[in-house]
Amino acid sequence: MPVADPGAFFGSCRTIMWYDQYCENYYPRGFKAYSPGAVLDDLLEMDADLYAIYATNQWGLAYYDSDILPKFHPLGDQDYLGDIVEGLRSHGKHTIAYINWLDSRHPEWRWHKLHPDGTITRPTQNLEELPEYRAQGKGPVYRAEYGEWFLPCINSPRREEILRVAEEIADRYPVDALHLDMFFNSGICACPYCQAELKEMLGGDPITYGAVCDHWGDYLAWRQQRSATLIEQLAEIVHARGIALAPNSFCPVYMDPLIAVSEQWWPHIDGYVTEAWLRLRQQFADIHSSTITTKWTRSVPKPALFLVTGQHPGFSHCTLAEPEYALHAASAWSNGRPILGSCGQGAYPTTHSSPRAIGAARDLFHDYVQRTEGPPREPVKQIALLWSQDSWAFYEPGEDSRAYRYEFLGYARTLLESHRIFDVLIDSEISSVDDLAPYELLIAPNVGCMSDSLAEAIRAYVQRGGKLLATHETSVLDPRGRTRDSFALADVLGVGYLCGFDQPTCYLPDGVEPCPCPSEASIVKAQGADVLLHLVGPDPDFPNEGTGIDLVPGTATDHPLLARHSYGQGEAWYLAASLGKAIYTYGYFQMTEWLEGLLAQLELAELYHLDAPQTVEIHAERDNGGTVHVHLVNLTTPHTMPARDIVRSVDEIVPLHGVRVLLPGELDGAAIMSQGADIRTQASDEGLWVTVEKLLDGVTISIPADAGTTPLGLLP
């Protein structure tokens, strides 16, 4: 009989072990030491609440007796999935059955990447068949090395096969949830399964990269619909059997929209699975990436499962260093307390596990459970940073889109490094002005694509007294990327949109010299706003200097750069430059200083003052008993992050001594409690100073409701 809420068990879980059981399909002696009891002993030693166990691997081979898929040959008549799931259930543990979209069969199903130069990458047909699988009668299996992805097109017959596999597993095994991994194509696909739809979409014109980009709204909407339909069908299968669905939903902040994952998934999934991005995208992520990701998932209306990805390929059986786990865990327990676990790390192909990895996981889980005890908490609200699913998807056609994502990430990084507390709000989850009302400031970082309903909610927010900071082309496009005549928020911003600035670099007036901003900018006209600064263009006599961007400022133009406009009881600030993208791309200190100066001009309420390096994050939450929890997270490491090719192990967090936070108001220092570090308090005319004697990974400073009054605790 179906369970009314198959994902309800997530509420009792704090930790998850994603038990990766890699074993190349050509290994003749894979699983050579397999003993269900030994594997179970390893897993129970880790002591997680929830375990993801492989039903199939990255090469489309089953670890159970499947009627559909070839079974991993060395397993013989052994049922790995059944053995481990039953053993864990007998000890009161929850389980997820893991299946993978990847395959090592059916080369005709693989996707064909369409490149900007018009070439198409067609997967090789020169494959080596593995003869040991012929006797199973389920088609040829081809040799695949570790990390070699046989990635089927999302429109291929793999869809129907995955549905049949899900039904087979759900009928046979008492798992709590099903997980589908790697369900995406990372570019424009021009394979035979996409051709007919592409031809119709392009009106019979040749299928070229440029033509697809010209029809981007229709193309990506189709891809998203095809992706969401499979997730919906999977949900129908598993929900009918009382099983939850928790596929890899990834994190759009660090990926391109061509993965086609969208909010259309959310009504059908029971848990939002994502990963820590420090190692997955080392060219773009940094040590703040876990915090940004956890803040993002906090806005998704589903329980979050946050997986800390392990070492580089080739080290997938090895553990991360304890300090690196601590960095990710601190971001998690201070930003919503998602279910936390280890991923990309599992057993050797023998099925033995690394003793060091077992110990590291056990210690991580034990510490995280202790840190996350207590009643539910909600963030203290002051700043809302708007994430736009529409802008992520439709603002910039083509692969490797960065204009919106990097603007968002530049603002997120600056807010964290300037010790400001903020939430990430997802546009699809904003239903009315009431969702914005608790915040003193809303930042819309180049939210180019905006619906009329969201624009109306923002308009009402400012009308009622809120502050808005909008940048570049915010609201110039509709949700599908179609251009409006001007900003949808033109009346709120007090400026009208004319066109884009025709140079790749602009400059921001500063007290000493103009600040370079090598990124896009908009040309606007004032329509009631006070123009505070004008855009400075590059010196036309010194173009490029061989860098591709001009770094020699010219004279000020007549074009507004920074404008302020009173609207109703609130005010809107508009910045024509895409400064966040420049900060995230180049990291030049003057850019960050300029943005921090702008934030200071907004004159937000002083809820606290943190005396600490920029590598210390501050977050604040309130529980349902009225206690305010101030989290300080120490991200100080001795190595520059990220590196370009290899991210060095984070093997040390540099301890900080004497970090201080000022809590204004009248507080009883004796009532203040801490977890994770010793503190001392000292009253002053300014308020209560709390000093952390030695800050390691992080500390939580708790202020009970009866400890007195402070602005930090009085905000609604």
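**Helix faces and the interior**

In helix α1, which spans residues 36-46, the buried residues are Val-39, Leu-40, Asp-42, Leu-43 and Met-46. Looking down the axis of α1, these buried residues fall within an arc of 160°, so they line one face of the helix. The arc is taken over the directions from the helix axis to the C-beta atoms. Buried means under 20% relative accessible area, exposed means over 50%, and partly exposed lies in between, with a 1.4 Å probe and protein chains only. Helices (H or I, at least four residues) and strands (E, at least two) are DSSP runs numbered from the N terminus.

The model is predicted, so local features need pLDDT of at least 70 and side-chain atom pairs count only at pLDDT 80 or more, whereas totals for chains, interfaces and linings use all residues. Residues are numbered from 1 along each chain as its sequence is written, and side-chain values use heavy atoms, with hydrogens and water left out.

The buried residues of α1 pack against β1 (15-20), β2 (50-54), α2 (80-90) and α9 (355-371), where contact means heavy atoms within 4.5 Å. Just after α1, Asp-47 takes a positive phi of about 60°.

Helix α4 (residues 192-201) can be read in the same manner. Its buried residues are Cys-194, Leu-198 and Met-201. They cover an arc of only 55° around the axis, which puts them on the same side of α4. An α-helix has 3.6 residues a turn, so residues three or four places apart point the same way. On the other side of α4, Pro-192, Ala-196 and Glu-200 are exposed, while the buried residues of α4 pack against α5 (209-214) and α6. Just after α4, Gly-203 takes a positive phi of about 65°.

The largest nonpolar core has 222 residues, of which Tyr-80, Leu-234 and Leu-468 touch the most other members. Helix α6 (residues 216-239) gives the most to this core, with 12 residues. Leaving aside neighbours within four places in sequence, Tyr-80 is in contact with Tyr-19, Gln-21, Phe-31, Tyr-34, Ile-53, Tyr-54, Tyr-63 and Leu-75. A second, separate core has 28 residues, including Leu-632, Ala-677, Val-690 and Leu-712.

On a 1 Å grid over the protein atoms alone, a cavity is a set of points where a 1.4 Å probe fits but cannot get out, a pocket is an open set with protein on both sides within 12 Å along at least five of seven lines, and lining residues have an atom within 4 Å of a point. Grid points are joined across faces, edges and corners, and a volume is the space filled by probe spheres set on the points.

The structure holds 3 cavities of 30 Å³ or more, and the largest cavity has about 60 Å³ of space. Its lining is made up of Leu-278, Asp-286, Ile-287, Ser-289, Ser-290, Glu-324, Leu-327, His-328 and Ser-331. Helices α7 (289-298) and α8 (322-333) each supply at least two residues of this lining, and α8 gives the most, with 4 residues. By class, the lining of the largest cavity divides into 3 nonpolar, 4 polar and 2 charged residues, where Ala, Val, Leu, Ile, Met, Phe, Trp, Tyr, Cys and Pro count as nonpolar, Asp, Glu, Lys and Arg as charged, and the others, Gly among them, as polar.

Helix α7 also belongs to the surroundings of an open space, the second largest pocket, where α7, β11 (377-379), β13 (422-426) and β24 (616-623) each supply at least two lining residues. About 860 Å³ of space lies in this second largest pocket. Of the 40 residues that line the pocket, the closest to its centre are Arg-298, Ser-299, Gly-336, Arg-377 and Glu-378. Strand β13 supplies the largest share of the lining, 5 residues, and the lining as a whole has 19 nonpolar, 9 polar and 12 charged residues.

One backbone detail concerns a buried loop residue. Ala-260, in the loop between β7 (244-245) and β8 (272-275), has a phi near 70°, a positive value in a residue other than glycine. Ala-260 is buried, with a relative accessible area of 0%.

Note on methods. Core = buried A, V, L, I, M, F, W, Y, C linked by side-chain atoms within 4.5 Å.
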